[in-house]
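Colleague: I would like to learn how to read helix features in a model. Can we start with packing?

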Amino acid sequence: KMLIKKYPEDFSLYYVGSIGDSDGRYYVEYSDESRIPILVGRAIDYLENGLRASGYNSVLCCTGFELENREQCLRLLLSKRVDAVMIVGSDYVTPQPEQMRYILDAANTTPIVLINAYIEHPNIICIQNNDYASIYNTVRRLLAVGKRNVYYFYKSDSRSNNEKLRGYKTALRDFGNVKSHAILLKDALDIPKTVECRGYLR
C-alpha cells in the first residue's frame, strides 16, 4: 500500500485515507528499511494466519539486505525440509543474475513464492502488487484536492520502486502543469534532513 504523511508532523506513517482540508503540504513515500518492520510485519502476520488455518506451520527468517545473509537464511529453510519458501520484497530481484542464483537453485528442489517480485523460472510462483496504479491514484487524489507540491522520495532502482516512480510522474503529467519533486536519497532515514537542507517546504 502506498502511504502519505503530512509534514512537519512526526514521521509516523498513515495509510492512504481521508486527506482532509489542511493547507499543509503532503508528500508520498514508499517503504524503506526503517518502515519494513511496520509494513512487512502486517503481510507476514496475514500469511502466517492463512497458513495456520490451512494446517501449515511457518518458519520466519529476517534476511536483511546482504546477499550472504539471504543465501544463509534460504539454506537454513531448505535444511528444514519445508514444503515451500515465501520471499517478500521486490529487491530480491536484481539486474545481476548471479545475485539471484541462490533463489533459482533452491527452486530446483522446492517451490518458491515471490511476493511483489518476478522471476521467470520453473517452480517459482510470483505475486505482484500494482505499484504503478497505487502511486498514480494516490498522487491524482492529492492533486484533485488542490495539492501542488507532492514529493516522492526514493533510494533504490528496484522494479517495484521504478513502477511507483513511473506512476508518480505519469500522474503529474496527466494532471498537467505540476512540477515533479522526485528526490533520490542516499539514506532513506535522512528524509527530514533532506527536506530542511534543500528548502523543499519553504
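Modeller: First, the terms. Axes are lines fitted to C-alpha atoms, for helices over the stretch in contact, and angles run from 0 to 180 degrees between N-to-C directions. Helices (H or I, at least four residues) and strands (E, at least two) are DSSP runs, numbered from the N terminus. This is a predicted model: local features need pLDDT of at least 70, side-chain atom pairs count only at pLDDT 80 or more, and totals for chains, interfaces and linings use all residues. Residues are numbered from 1 along each chain as its sequence is written, and side-chain values use heavy atoms, with hydrogens and water left out.

Colleague: At what angle do H4 and H5 pack?

Modeller: Two packed helices are described by the angle between their axes and the distance between the axes. Here H4 (residues 131-144) and H5 (residues 159-175) pack at about 35°, axes 7 Å apart.

Colleague: Which residues of H4 meet H5?

Modeller: Contact means heavy atoms within 4.5 Å. From H4, Asp 131, Tyr 132, Ile 135, Tyr 136, Val 139, Arg 140, Leu 143 and Ala 144 take part. Their partners in H5 include Arg 159, Glu 163, Leu 172 and Phe 175.

Colleague: Now H2. Which of its residues are buried?

Modeller: An α-helix has 3.6 residues a turn, so residues three or four places apart point the same way. Buried means under 20% relative accessible area, exposed over 50%, partly exposed in between (1.4 Å probe, protein chains only). In H2, Arg 70, Cys 73, Leu 74 and Leu 77 are buried. They pack against strand E4 (85-88) and helix H3 (101-107).

Colleague: What lies on the other side of H2?

Modeller: Glu 68, Arg 75 and Ser 79 are exposed there. Just after H2, Arg 81 has a positive phi of about 55°.
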